[in-house]
Every structure is written in structure tokens, then in C-alpha cells.
Amino acid sequence: MTSSVELPGSPVYVLKGATVPQAATSARLPAPKEGLASADLVIREGVIAEILPAGAANSELPAVELGGRMVWPCFTDMHTHLDKGHIWERNPNPDGSFPGALDAVQADREANWSAEDVARRMDFSLRCAYAHGTSLIRTHIDSLNPQHRISFPIVQEMRERWKGRIDLQAAALFPLYAMADEVFFRDLVAVLTETGGILGGLTQVGPNLDAELDQLLQTASDIGVDVDLHVDETADREVLTLASIAKAVIRNGFQGTVTVGHCCSLARQDEETAKRTVDLVAEANLAVVSLPMCNMYLQDRHAGLTPRWRGVTLFNELRAAGVRTAVSSDNTRDPFYAYGDLDSVEVFREAVRFLHLDHPLTDAASIVTATPADILGRKDKSRIAVGAAADLVVFKARRWSEFLSRPQSDRTVIRSGRIIEHAIPDYAELDTLHGA
């Protein structure tokens, strides 16, 4: 990206007159307006040394006059599918349906997902995210045998290749009933242990669900990892495994973090059922991540008909109950979501619109910054804090109406106090993977 800001060559400088989201900084700044506060940020040797009220920084230090431009911390994208990304061109989902997505991905995985193929697409996706200003990602990895033995070593390779630029976590994605295959599950756990992955999975209604959840949580406890599940991604009111997950966490006294993604059918329940489930989620201390772009794309899609509901979970009710909530990209240019570019600004902008996170926007910035970083166990990421790395994104926008009205494609990404010169990769690079 071409930078719209020039930084001094000095190892110490001030970002003067910045507008920062109060929800993404540890500093208490005076008179924030709808969650936005004015500040001077003193950067020393790539680290945030001081966060001061606007105009309070030492006037003798080299300074960049921002004139109220927004400065955010780099983003956390906590639910992605880097292994699926960018396969749309060679295996699209013609009707845009959920079953169509399942079939298209399965066909593509079985035909094409070699180590080279996964690595090329994953690296392309990471370059997109890096250019947009993301510094922490969790990806779910399709883990049905034998794909776990192909893809997780690639995650490990990417983690090393991208060290210092993007921190990468990975969760195994598989239907929980697959744990009944003891040989497979034992091997999957071994792969996760070898490569630093965590347990994930897909919950489905069935007579063995409680036992499956107990086994999953016990295994996670035994190997000392968190759990990140795909949950109730459907409009079917009869599917509400979210309550079972919460009860299992409480029943097992699980001490790690359990994240639940999607939770679409929660929004289809009657008020009493919904409230009871939200209360259970809060009691179990589950973290919830909504994937608004993908859910709006897939849910309630019927040929020739207009969708009757938004497809997203009860985000505001969960937040009101004290549940940690975040939003994320989910799929990118694959059969589950035909679009996207791993741009957390796009995710945030659409989430504000779909979920009505505005009026006021006071705490909204946290859902792509501090909150998902906390959920992923990285309180050192995605916040503007004294002593934290100066990993920042500077926008021309000065106020919410400006920020949310344009794509902010002219942003400036700063890592360790210096502007990155990193172009968004050209899709033509992937042509050989698509047979072009």
C-alpha cells in the first residue's frame, strides 16, 4: 500500500493529535466522544513509550501532525480458514448454499490439497492480511484423515516464515463423531502436540453429543490446549448445541478458553430459550465470535427468494450478559463465502451495519482488536498500550462517519514503529493453481 503518512527517521518521535479508540487502549484519556479520544503517542525504538492527552507531548521531539486522523492498533482476526482460501475459481459453489459449499470444498480438498497447494494459498492470504494491518490470526484447519497430516505441518512452516509479522494459531476442524475412530483421533492429537495446534470441531445434534463434548474437553485438558468450535451454523430452531457446550464446560470444570463460532440458530429461538441459553454461555465463560459476512451470505439462501433474517447470532444480547464477543473474517473466496480479503476493517464495517453496533459506537472497536486478542490469550496484541510494540494503523478518517463510509484503502500500516511497504498480492499469482 502507498502510505499517506511520512514518519521521521528518528528512533523517537510523536504521532501528534491522533484520534484513538478508547476501547483499544489501556490509557484513560480525557473527554472521549463516542469512544474516540485525542492523544499524542510517543514512539521510542519501535515501542509505545507514552500515551498523552493531545498537545501534551514534548514539543522538542520530532512529530507527525495527524490533525485528528484515527490511529488503531493492528487487528486480530480470530476465526479464518486459510486452508480453504482462494479456491473459488477452480471449485465454486454455484447456488451459494451451505450443502453446496460442503460438497465443493470436499471435492476440491480431495483433488487438490497437496502441501504445495495449501502453502501457496495460505501464504497469499497472510500477505493480504499483513498489508491490511493484521498481526494475529487463528485459522481453522480441515482435519479429516489424511488432511491433518498435510496441512498442520504447513501451518508450522507458515508460523516460522511469518514470525514477527503475523502470529498464527490453528485449530483442528472435524465433526466430533470422528473421535470414535480412536486411531484417527490419537493421531490428530499427536499432530496438534507436534505443531502447536489446538482442538476445534463441529458440534452436531445426536445421542452422543454430551459424551463427545466430555471427551473433547478432557483431551484438551490433558494436553493443555484451548478449544474452538463451529456451532449451530443453521437457521434450524431444533439445533441448539450451544447450550450443551456450556453445560459440558461447567460439568467438566474446564479451565481453558472455549470459543464458539457462528451460533446462528440462537437468533431463531423464542425469547425464553434465547435468554436461558445466553445466561448459560455467560456462566460457562464461553467466548463468542460472530462471522457476519459469511453468515449473511449463506444463511436463509433460497433460489429466487429474498432472505428473511440476517443469519447472525444474538451478538448484542451476549455482550449485555458479559460474554466476550468478537467478529472475524471467516472464509475468503471459497465455496462458503465467495468474497473477502482478510481485511478486518471490512469485517468491522459490515459488522456495525449487520449487528447494529452503532448509536453509540463507544466500545465497538474492541471486537476486532483487544477482545479477540484476549480470547486468543494474547493480551500483548491489538492494543495501544505503554510498553507495547508500535504496531499501528493510521487512517485518514477522523470520525466514525468518515471511517465507516469508505473502505480506508489508503491506510498506513506501522510495525515496530516503521511503515511497512507491502503491496496487496495480485490474484494473478494464483492462476496456475486454477488451471489458467
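Biologist: Among contacts in the chain between residues at least 6 apart in sequence, what percentage join residues at least 24 apart?

Modeller: A contact here means heavy atoms within 4.5 Å. With that cut-off, 79% of the contacts between residues at least 6 apart join residues at least 24 apart. One caution: this is a predicted model, where local features need pLDDT of at least 70, side-chain atom pairs count only at pLDDT 80 or more, and totals for chains, interfaces and linings use all residues. Residues are numbered from 1 along each chain as its sequence is written, and side-chain values use heavy atoms, with hydrogens and water left out.

Biologist: How many helices and strands does the chain have?

Modeller: Those are DSSP runs numbered from the N terminus: helices are H or I with at least four residues, strands are E with at least two. Here you get twelve helices and 16 strands.

Biologist: And why call the chain as compact as a globular protein of that length?

Modeller: You compare the radius of gyration, taken over C-alpha atoms, with the globule rule, 2.2 Å times the number of residues to the power 0.38. The chain comes out at 22 Å, close to the 22 Å that the rule gives for 436 residues, so it is as compact as a globular protein of that length. Along the principal axes, the C-alpha atoms fill a box of roughly 70 × 55 × 50 Å.

Biologist: What share of the residues is buried?

Modeller: Buried means under 20% relative accessible area, exposed over 50%, and partly exposed in between, using a 1.4 Å probe and protein chains only. Buried residues make up 59% of the 436.

Biologist: Which loop holds L404, and is L404 buried or exposed?

Modeller: L404 sits in the loop between helix 12 (400-403) and strand 15 (412-415). L404 is buried, at a relative accessible area of 13%. Leaving out residues up to four places away in sequence, L404 touches F348, R349, V352, R353 and L361. V155, by contrast, lies 249 residues from L404 in sequence and 33 Å away in space, C-alpha to C-alpha.

Biologist: How many disulfides does the structure hold?

Modeller: A disulfide is a covalent bond between the sulfur atoms of two cysteines. The test is a pair of cysteine sulfur atoms within 2.5 Å, and the structure holds zero. For C263, the nearest cysteine sulfur is that of C264, 7.6 Å away. C263 is buried, with a relative accessible area of 1%. C294 is in no disulfide either, its nearest cysteine sulfur being that of C264 at 8.5 Å. C294 is buried too, at 0%.
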